[in-house]
Amino acid sequence: MNLRQLDISRRSIAFAAALIGTVSLAIGAHAALNMRALDAAKAVSTEVTGSVGQTSRLALVIGNGHYPDASAPLTQSINDARALSSSLRKNGFDVDMVEDASKDDMVRAVNRLKSRIKRDTTVMLFFGGYGVQAGRESYMLPVDAVIWKESDVRRQGISIEGVLEMMKEQGAKAKLVVVDASRRNPYERRFRSYSHGLAPIGTPDNALILTSASPGKVADDGKGEHSTLVSELLNNLNAGTAESVFNKTRVAISRASEGDQVPTVSSSLLEDVHFDQAGG
């Protein structure tokens with residue numbers, strides 16, 4: 001074999017070796033990529049599997065304090081909404097809090113809640129502000145409400161019964177409602193015939209409702225940072241089941257006021273519900 005043939009043979013061997021190395025690298029990279037994809041698929045599968053069966057907890061908290069027709073702002077309503085939102089978040093609720101909400105703000109907030117309710121969802125609604133009864137229904141009033149007659153209430157307010165019906169239609173697992181709106185509102189004397197406080201709120205299946213006073217009664221706000229209702233609710237929030245929390249709040253307020261203010265608790269719960277996530 002001459003020198004030229006030897007040189008060509010060496011180059012051929014080197015090329016073949018390089019080609020084999022390149023193919024090996026490609027195979028190794030492909031295998032690593034497949035392993036990475038497999039690991040990612042396992043991670044996604046574990047995450048999805050882990051979420052199955054977990055009950056979601058949603059809350060819509062509305063605190064309306066600055067009504068143009070009122071002689072003074074309801075500062076407690078804003079404080080109450082913030083404090084309750086904080087406590088609910090600590091207990092695993094995903095909270096949407098709205099302050100000084102207009103009618104459009106409240107409608108959008110209710111629609112956001114509606115879009116997120118699933119069949120395993122525990123849902124809570126809190127409203128602090130002015131509430132008015134009209135046509136045997138109770139309405140939450142936005143801060144931009146212009147009320148001169150009873151029909152204005154139905155047109156400009158948000159029906160509590162309507163929100164509860166929406167929760168039911170969306171298939172919420174449990175429905176919790178706290179309404180701190182049994183105040184002497186600034187609109188009532190504009191009506192030819194008017195009623196104090198709120199109307200009885202209908203309770204759909206698997207629901208629990210707490211209002212700050214008996215139907216047709218009004219409650220004083222007091223002088224503290226929070227309303228009487230929310231102060232006692234926060235004190236008892238983790239004291240057993242939600243039904244127990246509401247009943248303890250009712251009893252504490254009734255005793256403290258010597259019967260002048262007696263909150264109403266209505267329940268059709270079919271199972272225990274806890275605010276404290278550790279309680280279930």
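Student: Let's start with F275: is F275 buried or exposed?
Tutor: Bearing in mind that this is a predicted model, F275 has a relative accessible area of 0%, so F275 counts as buried.

Student: And what about F93, buried or exposed?
Tutor: F93 has a relative accessibility of 5%, and because buried means under 20%, F93 counts as buried.

Student: Which aromatic cluster do F93 and F275 belong to?
Tutor: F93 and F275 form one aromatic cluster together with F246.

Student: How many aromatic pairs does the structure hold?
Tutor: The structure holds three aromatic pairs. In one of them, the rings of Y67 and Y130 have their centres 4.8 Å apart and their planes at 65°, and since planes over 60 degrees apart count as edge-to-face, that is what this pair is called.

Student: Where do Y67 and Y130 lie?
Tutor: Y67 lies in the loop between β1 and α2, while Y130 lies in the loop between β3 and β4, so the pair ties together parts that are 63 residues apart in sequence. Both Y67 and Y130 are buried.

Student: Back to F93 and F275, then: how are their rings arranged?
Tutor: The ring centres of F93 and F275 are 6.3 Å apart and the planes stand at 35°, so this pair is tilted. F93 sits in the loop between α2 and β2 and F275 in the segment after β9, so the pair ties together parts that are 182 residues apart in sequence.

Student: Switching topic, which residues touch the most other members of the largest nonpolar core?
Tutor: That core has 40 residues, and those touching the most other members are L60, Y67, L113, I117, M140, V163 and M167. Among the elements that give two or more residues to this core are β1, α3 and β7, and α5 gives the most, with five residues.

Student: Now E161: where does E161 lie?
Tutor: E161 lies in helix α5, which spans residues 160–169.

Student: What lies 3.4 Å from a polar atom of the E161 side chain?
Tutor: The backbone nitrogen of S138 lies at that distance from it. Leaving out residues up to four places away in sequence, E161 touches R136, E137, S138, P200, I201 and G202.

Conventions: Residues are numbered from 1 along each chain as its sequence is written. This is a predicted model: local features need pLDDT of at least 70, side-chain atom pairs count only at pLDDT 80 or more; totals for chains, interfaces and linings use all residues. Side-chain values use heavy atoms; hydrogens and water are left out. Helices (H or I, at least four residues) and strands (E, at least two) are DSSP runs, numbered from the N terminus. A polar contact is a pair of N or O atoms within 3.5 Å; within protein, one must be able to donate a hydrogen and the other to accept it, and residues adjacent in sequence count only if both atoms are side-chain atoms. Contact means heavy atoms within 4.5 Å. Rings of Phe, Tyr and Trp (its six-membered ring) pair if their centres lie within 6.5 Å; planes under 30 degrees apart count as stacked, over 60 as edge-to-face and the rest as tilted. Buried means under 20% relative accessible area, exposed over 50%, partly exposed in between (1.4 Å probe, protein chains only). A nonpolar core is a set of buried Ala, Val, Leu, Ile, Met, Phe, Trp, Tyr and Cys residues joined through side-chain atoms within 4.5 Å.
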